[in-house]
Amino acid sequence: MTTNRKQQKTTIETHKIMTETENNHKYTQNDSLGKHSHHRAAVKMLPTFVRATPDGTEKGDYLALDLGGTNFRVLYVRVVEEQQKVVKMDSKICSIPQEMMLGTGEQLFDHIAQCLGEFLESQDLKGQTLPLGFTFSFPCEQKEIDKSILIRWTKGFSCSGVEGQDVVKLLKEAIHRRGDYDIGSVAMVNDTVGTMMSCGYRDQSCEIGMIIGTGTNACYMEEIKNVKRVEGEDGRMCINTEWGGFGDDGSLKDILTEFDEVVDQTSINPGVHTFEKMISGMYLGEIVRLLLVKMAEDKLLFKGETSEALLTPGQFETKYISEIEDGLENAQKILTALGLNWDPVDACVVRLVCDTISSRSARLCAAALATISNRIRVNRGLDHLKTTVGVDGTVYRKHPNFSEELQAAVRLLAPKCDITFLVSEDGSGKGAAMVTAVAHQNVCFLGFFCS
């Protein structure tokens, strides 16, 4: 395919995705932000009760917890007004064993409380009662800044007794069971909100946060008058879109492939997070593996032969996609490690397969991001919007072409939006501290924002 034909095909495919996304956002505006209709919406559009972005004057010492995958982090953060920067004083990474991800909620939160206690002791902070920003990167319905109800587990977690419960309360109860330290007010933060807030301290025009890593999600600053689920007409509130659930209502069925359907059916949560399963790091490698198996079975690759590794779910890691696209030598090494008999043409075809899957991911993200940007522009009655997107996630950071492809597609789909992309520096951790700092800056009590 020539470059022009490839660009034309990309444009057509991306516009199709954009149309689906815009149609879904009309639905979202009517249902997800509605007072009585949000429960039936596939894209949750959750109020976060974060009513302001940083203005650069925040300061103080804070703790942060960042739970979003198989590891979680504890951080001690200092916000320095004079230097207008967030300083990560120290941090600790704690692993979550697989059996704990599938165990009880009490076991999980006791483990978190234990690691937090050990960190406080190592920093000689047990005698202090510091405010805490809690990044909890799972779909939650936020009731207040310090009250957040888990809607459902994702990313391989299925701890019992947590869905439908307030995770801040569960954390505090676990700390209380220990009895050897205490924490101050808690600000509940999604990782996208943390990313936006972390970048917002460096660039006050940052009003969108986006994660493209193990999972994917985005948040943005919405006009409060459009958020019928909360009181008020003036100002703005950050909305956690939970766009990973886009398509759960069947609206993406026309662009789902047989490989997407297998990934969904064999996942821990079939029928849930359709959009995320098409584009995030937890699933991209498996999509490529299934495609390579199919091509081998059709005698289009590896002389029709496979290997035990290629036939094993999860053995083709998402990081292989980045490595293969970065060079044919990498492709050859990975195919050899997978026990495959390949020739130079096979390596080139595998690289093309990886490029196709990662490009689709980038364009899907771009379509959703362009829709959010255009929504902000229309909401504010602007002919032209200038804004910044704070972004994080291993797919965006480590893939050699992903960020470039995403940005090019966004420019195509949102020509009236001038979008700057700012990679977050430890956004989900420092950003959690920034949410807490902004809350205190606005003279809050127990984590509530003041008007």
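E207 is buried, at a relative accessible area of 12%, where buried stands for under 20%, exposed for over 50% and partly exposed for the range in between, computed with a 1.4 Å probe on protein chains only. The model is predicted, so local features need pLDDT of at least 70 and side-chain atom pairs count only at pLDDT 80 or more, whereas totals for chains, interfaces and linings use all residues. Residues are numbered from 1 along each chain as its sequence is written, and side-chain values use heavy atoms, with hydrogens and water left out.

- E207 pairs with R236 in a salt bridge at 3.5 Å, N to O, the term being a side-chain nitrogen of Lys or Arg within 4 Å of a carboxyl oxygen of Asp or Glu.
- This pair links strand β9 (residues 206–212) to strand β11 (residues 236–240), 29 residues apart, with strands being DSSP runs of E of at least two residues and helices runs of H or I of at least four, numbered from the N terminus.
- R236 counts as partly exposed, at 30% relative accessibility.
- R380 also forms a salt bridge with E207, with closest N and O atoms 2.8 Å apart; because R380 lies in the loop between α11 and β12 (385–392) and E207 in strand β9, the pair ties together parts 173 residues apart in sequence.
- A salt bridge likewise joins R380 to E223 (3.4 Å, N to O), and E223 is buried at 12% relative accessibility.

**Helix α11**

- Helix α11 (residues 344–379) has 36 residues, of which 27 are buried.
- Just after α11, G381 takes a positive phi of about 65°.

Conventions: The expected span of a helix is 1.5 Å times one less than its number of residues.
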